[in-house]
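Subject: Structure for your files

Hello,

Here is the structure I said I would pass on. My notes on it follow below.

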Amino acid sequence: MENQVIHALISTEEYRESPDFTNVNLSDFALFLAVMKHKEAQECVLSIILDEPDLRLTQVRVEDVILNKNGRRGIRLDAWALAEDSRQFATEMQNDASEDDLRKRSRYYQGLLDTPALKAGKHTKYRHLPSTIVIFITQTDLFGMDHAMYTFTERWHQIPEMELGDETMKIFLNMSSKNERDELVSLLQYMKNSTLSNPEIIILDDRIRRLDAIVTEVKQSEEWEDAHMSILSTGIDIGRKVGHEEGLEEGRKEGRKEGRKEGRKEGRLEGIHAIINVLKEHNLTDSEIIQQLCKSFRLDTGTAEKMFHDFSHHD
């Protein structure tokens, strides 16, 4: 089984170093974070989702960590934004919706988003809480109704037309459906296959064009390359050393090639081990850590679970 795990990691590395490496899509976790650092990118995405062409943001952040009052249980937001009208947004790219209960996860996110919004003191009023919108973007239909967008707010059961008015909203987006506004369906299809020549794009909205320009710029940046190579840097150094030693026996060129390959494997494993330890220190659950491994290292759930349990047992 261990050899199968290592083989999966090698395959991932070969994929990342292939000539098609720049063909990563916006649904890829790493690219999503790199792009959503840009305020214009978040404005384009959110304005299409909410059908608000004039939406303007004042602040954006990625991988923002919010802890509960005890500092023991927190969330890491993929993308966070604050609008000019003080609404705050949390947008999550969730490729594997089967890993956990996203409905309850959205509930927890909604609550923790309010935690830093109010200052302590007797003059603090709950009316000062900002409007919050939590958005999950998924590859599959979480509710099985063949809709690209599911929007939920608090309502009175006896008269569903009457909303509670707590200014909270949860949105679940489904890339597998085309039943929604053309602009939204086109955005979701672009996220699946991030090129303007994607035949599934119904309408080339200007915001999608602007988003694509940012995606292209990010893919061509040194930051994008650094983001993928940082975890492997240790392994590459090891690989060069091993390659040099093997080169004495089988030829310098071939030895370095094999050494780099071995180094990538070792560096990959070290990176996974380090991330598991860090997330444990932040008190994330086992399922959340496994989910993060799937996102960060492009592992399937079974491989991520095996790596998690192996390293946890080793510790």
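The buried residues of helix H3 are Ala 41, Gln 42, Glu 43, Cys 44, Val 45, Leu 46, Ser 47, Ile 48, Ile 49 and Leu 50. Buried here means under 20% relative accessible area, exposed means over 50%, and partly exposed is in between (1.4 Å probe, protein chains only). Helices (H or I, at least four residues) and strands (E, at least two) are DSSP runs, numbered from the N terminus. Because 10 of the 12 residues of H3 are buried, the helix is largely enclosed by the rest of the structure. H3 covers residues 39-50 and reaches 16 Å from its first C-alpha to its last, close to the 16 Å expected at 1.5 Å a residue; the expected span is 1.5 Å times one less than the number of residues. Just after H3, Asp 51 takes a positive phi of about 60°.

Before the rest, the basis. This is a predicted model, in which local features need pLDDT of at least 70 and side-chain atom pairs count only at pLDDT 80 or more, while totals for chains, interfaces and linings use all residues. Residues are numbered from 1 along each chain as its sequence is written, and side-chain values use heavy atoms, with hydrogens and water left out.

Overall figures

The chain has 315 residues, and 43% of them are buried. Its secondary structure comes to 11 helices and six strands. Of the contacts (heavy atoms within 4.5 Å) in the chain with a separation of 6 or more, 63% are between residues 24 or more positions apart. The chain exposes about 16900 Å², of which carbon and sulfur atoms supply 48%; the areas come from the Shrake-Rupley method with a 1.4 Å probe, and for residues only the protein chains shown count as cover.

How many residues of strand S4 (residues 132-138) are buried? Seven of its seven are. Thr 132, Val 134, Phe 136 and Thr 138 are buried on one side, and Ile 133, Ile 135 and Ile 137 on the other, so both faces are covered. 

Strand S3 (residues 88-94) runs parallel to S4 and is joined to it by seven bridges; two strands pair if DSSP finds at least two bridges between them. In this pairing, Phe 136 of S4 is the bridge partner of Glu 92. S4 also pairs with strand S6 (residues 168-174), in the parallel sense and over seven bridges. There, Val 134 stands opposite Lys 170 in S6.

Aromatic residues

The structure holds six aromatic pairs. Rings of Phe, Tyr and Trp (its six-membered ring) pair if their centres lie within 6.5 Å; planes under 30 degrees apart count as stacked, over 60 as edge-to-face and the rest as tilted.

One of the pairs is Tyr 109 with Phe 136, which is tilted, at 5.8 Å centre to centre and 50° between the planes. This pair links distant parts of the chain, with Tyr 109 in helix H4 (residues 102-114) and Phe 136 in strand S4, 27 residues apart. Tyr 109 is buried at a relative accessible area of 3%, and Phe 136 is buried at 0%.

Phe 143 and Phe 172 form an edge-to-face pair, because their ring centres are 5.3 Å apart and their planes are at 75°. Phe 143 lies in the loop between S4 and strand S5 (149-152) and Phe 172 in strand S6, so the pair ties together parts that are 29 residues apart in sequence. Phe 143 is partly exposed, with a relative accessible area of 23%, whereas Phe 172 is buried, with 5%. Tyr 109, Phe 136, Phe 143, Tyr 150, Phe 152 and Phe 172 form one aromatic cluster.

Elsewhere, Arg 61 lies over the face of Trp 80, at 4.0 Å from the ring centre. The criterion is NZ of Lys or CZ of Arg within 6 Å of the ring centre and within 35 degrees of the ring normal.

Single residues

Asp 205 is found in the loop between helix H5 (182-192) and helix H6 (206-219). It is buried, with a relative accessible area of 13%. Not counting residues up to four places away in sequence, Asp 205 touches Ile 48 and Glu 183.

Most residues other than glycine have a negative phi. Ser 86, in the loop between strand S2 (74-83) and S3, has a positive phi of about 80° although it is not a glycine. Ser 86 is partly exposed, with a relative accessible area of 43%. Asp 146 lies in the loop between S4 and S5 and has a positive phi of about 55°; its relative accessible area is 42%, which is partly exposed.

Regards
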